[in-house]
Amino acid sequence: MKGSIEKRLLIHAGERGSVLYFLFFFMLVSAGMAIGRSSADALFLKRLGIEYLPVMYMIQSMLLAAVSLVYTGFADRIPAERFFRNLFSVLIVLILGSWLVIHTTGSTLVYPVYYLIYEVSSELLLVHAALYMNQNMTTLQAKRLAPLVYAGAQIGTIIGGLTLVFAAPVVGTQNLLLVWCGLLIAGSVVLYIRHKRHGASTHFRAPRKTQRLLYDCMTQIEQGLKYTWSSSLLRASSLTLFFLVIAFYVLSYSVNRVYTQTFETEESLTRFFGLLTAVTSTVALFMQLFVTNRTIRHFGVRAINLLFPWTTLASLAALTFSFTLPAALAGSLNKDALMPAFRNPVHSMFFNVLPDYMQGRIRAISVAVVLPLALLTGGFLLLLMQQLDNPVYFLLPGMLAAVLYLYSSKRMNNAYVSTLITTLKERLFLPNKHMYADLNGCSDEDMEEVMRGVTHTDTDVSIAFARALVESFPDKAASIILERLRGEDNAAADRYLKLLVSLDTSSHTEALYRLAESGDAHLQASILRLLLDYGDPRSITQAIHLLSSDNPRLCATAIHAALRYPDAVPGTDDIVIAWHTLLQDNLSSQLAALDLIPDLECLPARDRQLLEPAYQNAFSRLLDDSSEDTRIRALQGLHTWVTDSPGNIHDSLLHSLASEHPGVREAAARCLHLARDEQRAALLLQAIGDANPRVRQAGIDTLRATTKQHEALALDWIADNQGSLRAQQALLKSLLDSRLPKTVFADIARNKSEEAQLLGEALSIMDLNADGVNCHELLRITLKEQLDQTIDLALLALEPLYEPGLIGIIRAGFASGDARHIANACEALENLDKQKITAGLSIILQNSVNNDFSRDESFFQSLEDVLKWCANHRNSWLNLCGNRALPPINA
Amino acid sequence: MHNNTMPDLFDRLILLKQSPIFSMVMTDDLRVVAQAMEKQQYFAGDRIFETGDQGDHLYIIISGKVGISLESKSSGTSCLATLSSGDCFGEMNLLDDLPRSATAEVIEDTTLLSLEKTRLRGLIQSYPDMSVGMLRSLSLRLRDANRKLMEDNSHA
């Protein structure tokens, strides 16, 4: 029963206590506010007169600005609950003071004062309640639970209203002040107990403490104003608030004028206010419980944001045409039922997307600057217009304000998604675009930075920067690299030399010869090869003389020189003999001969036929060698091999792809064109799903090189869920830059969303049937991992559909693991264009965060269904875990 | 019919997922770690390591009890913490090269799984995606510590 109610009210596991607390706390506060409001209005309107109301609005505006200055200083510096305690204490003293003055002096001055106490405190409480919620909930929680919590406030208001109906004639309107005091004391006690037990608000982050309160208040206002100026959402939201306040107070004044004329005595007016409050709050409550949340989910935040502007415009229009009790009642229903039911929750969600550190200040700007300005304008307009008998004169400016309110709400909607994305980006510290920019053509400062990297003492770091230098500054790279490799050992120098292959080294030949003289035979061979490939004549002569060298690399270099420059050596017999000897000799000779594979094309067919079997034998021997470096060299040689592959290549590829050495796996992945046709797809998928990015890239490169329709094949694999999810991700990434139509990616996103839904449902059933058995637990963990990966895959597929980087930010938010970032990522996703695709995915994302995929028509009926589904899944790891979790057939 | 070695692998994976350092590593990637772990047997009173020792292993308890103390001459009764089945210790030494900061002494006969530092580092180099999961685990741990610190401060 409890579970069913919680499910209906969208309360998730572990939230019951907090929801009950917020409900009760806001109920107490609202009951007090309802009593305060009706008593203040009735005492003011009947004992002073409605003609003073516009003046009160103007005074109220100035008072609000002053009080808000102080509020700004405290708002986001202390936990929201502590501010509540302070505010309640001050209010209790002020209300008790007012009650004493009413009873002892009979001064009429106390009524406007009491009216102002209520108005200012109600604004502060409204603003601060939202901040309090934000410090204790994420966007997603707020979206689900805010309507419910506000419903608690409405129950309080109803109770307060009904209290007025029955208590006002008995105790008198002025004694209701004591009831309000009592409720404030009760609220303070509840607040104290809650935070004594649960600590400070979860999302409160204390800034540095300072003694300069006034200065800080001004600074915060200034910062808030600057931020408002820079944020399109805040600019629109400030305008919205400005026009809303004018329209709202014109409406308030109008309905109060009708009510004051209709109800003659103070008690009857108080009773009416109580009844009206109870009725409008009941309507609001009904909407918050059964309508608000569902309409927001169905139509989206942005559509619901326009509802209240439209109804306000309609209410003012109705009063313009008929300044009577029914139109006034409709106006009250709008401002007291529709506003809390729709406008307040939506407004709270809009604010929630702003950075945490600015939220308090921005709310203060609303109360300290925008609201007072609007109130002052509204009060001034009413003061002028009320002197004219016809209400149309003050209703028309109200209608104009309502139209502008509607317009600025539309602008606010447009700014909402972009602000969500920006905030998410800031929170995740994602680098700016320029950090991704290609270094090519960048400034001198950037080049100096790269050069500093090249001179780094760690060879690996230095070589990584040297590679960047070669790609970005090819004209300057050679001299810098040659300078850096001076003094390095032969092995390191050889690594640097490999980077020079693509560069123009013609002006550095002398430096290279000097380096060769000081190096070993291996380095000499590397340098000679570099110079030969560049066509340096001296290197040809030097190399040819090395044909009879004992060193296999020098001998191989001589063979290379003789074949590339045939004029230097007449005939090929000696060369082929030397080459054949290399292949038949020891391991290092065979390795040296691997460098000569591209030179085979320079030989006549007769000579090739002699050498090819020797190569086959050499490959077989090298691939069986225990040294990983030897196997890598052999596989690299095979990568360039175009004729028949050695007999043991298939077993070697299988063995090498499972090697722990990433270099072996990478080299094997580049040789997969040699795999048997029936095995190639599976082996390619294995390589593309490897846990090392270099191996993955090698797999992708081989797929592209070996398959004409590689894009279509990759799409088939992704659609059929073949290979691991990491493999599918690598395949999808390789397709992102292709010219495939966007609909293809939309289909993938849809397909993966459906798969994610199934994984989520399976996970929910595993959670419900948790029994502590290890194989079940492992399957549950695997399902969760696959769910997250599948969601990420679906998001990745959305990337080409939107502007560059946008989905990347949402993915980063989801991957962060932080509830607030995930909430904002969901919210951003839900509000993107092409909502048919994203809306479903957003719900899956939210369900994933909440770990609740249950739905009325689940694909799975039982745990057994889930186990069978997993055991038959195409994903090999899920399949393995599923099979392990299935009970043995004979059990 | 299941492979005889499989139950052991599955149990090891669960133990690894429970350890703070591997909790965010994908189970599929953890298979190589699970296979690289060695089973060790200790008896009550044995010292697995002492404060100041050069730490080069991570341990996960399969069965038994191990006491952790800050003093080098600890006894079972003065333990800072008593660890049991599924608990992991010595994991920080896998990443830093500092000496052990505590002593681990066997309270009840204990079976452990151990993983050598150099072995893990080799696996990280070979399967770098695994290290992303480890970094996430450490980051979560750091966040958790920060949160607790903030809570303590706010209570104070």
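**Close-up views of a predicted two-chain model**

View 1. Where pLDDT is low, the predicted coordinates should not be read in detail. For chain B as a whole, the average pLDDT is 81, and 86% of the residues score at least 70.

**View 2. Chain B, from one end to the other.** Count the elements of chain B and you get 4 helices and 6 strands. Walking along from the N terminus, you go through α-α-β-β-β-β-β-β-α-α. Chain B has 156 residues, and 37% of them count as buried. As for who touches whom, take the contacts in chain B with a separation of 6 or more: 74% of them pair residues 24 or more positions apart.

**View 3. Where chain A meets chain B.** Here 19 residues from chain A come up against 20 residues from chain B. On the side of chain A that touches chain B, helix H36 (774–798) and helix H41 (876–885) of chain A each put in at least two residues. The largest share of that side comes from H36(A), with 7 residues. Sorted by class, the chain A side of this contact has 8 nonpolar, 7 polar and 4 charged residues. For the complex, the predictor reports an ipTM of 0.85 and a pTM of 0.65.

**View 4. Two helices of chain A, H22(A) and H24(A), packed together.** Two packed helices are described by the angle between their axes and the distance between the axes. In chain A, the axes of helix H22 (residues 521–534) and helix H24 (residues 552–564) come within 9 Å and cross at roughly 15 degrees. Angles under 35 degrees count as roughly parallel, so H22(A) is roughly parallel to H24(A). The crossing of the pair is left-handed.

**View 5. The residues between H22(A) and H24(A).** From H22(A), look for A:Ala521, A:His522, A:Gln524, A:Ala525, A:Leu528, A:Arg529 and A:Leu532. They meet A:Arg553, A:Leu554, A:Thr557, A:His560, A:Ala561 and A:Arg564 in H24(A). By class, this contact is made up of 6 nonpolar, 4 polar and 3 charged residues.

How values were computed. Residues numbered from 1 in each chain as written. Chains lettered and ligands numbered in written order. Predicted model: local features only at pLDDT ≥ 70, side-chain atom pairs only at ≥ 80, totals over all residues. Axes fitted to C-alpha atoms, helices over the stretch in contact; angles between N-to-C directions. Parallel < 35°, antiparallel > 145°, perpendicular 65-115°, else oblique. Left-handed = near helix turned anticlockwise from the far one by under 90°. Contact = placed C-beta atoms within 7 Å. Nonpolar A, V, L, I, M, F, W, Y, C, P; charged D, E, K, R; others polar. pLDDT = per-residue confidence, 0-100. Buried ≥ 20, exposed ≤ 12 C-beta atoms within 10 Å, placed from the backbone.
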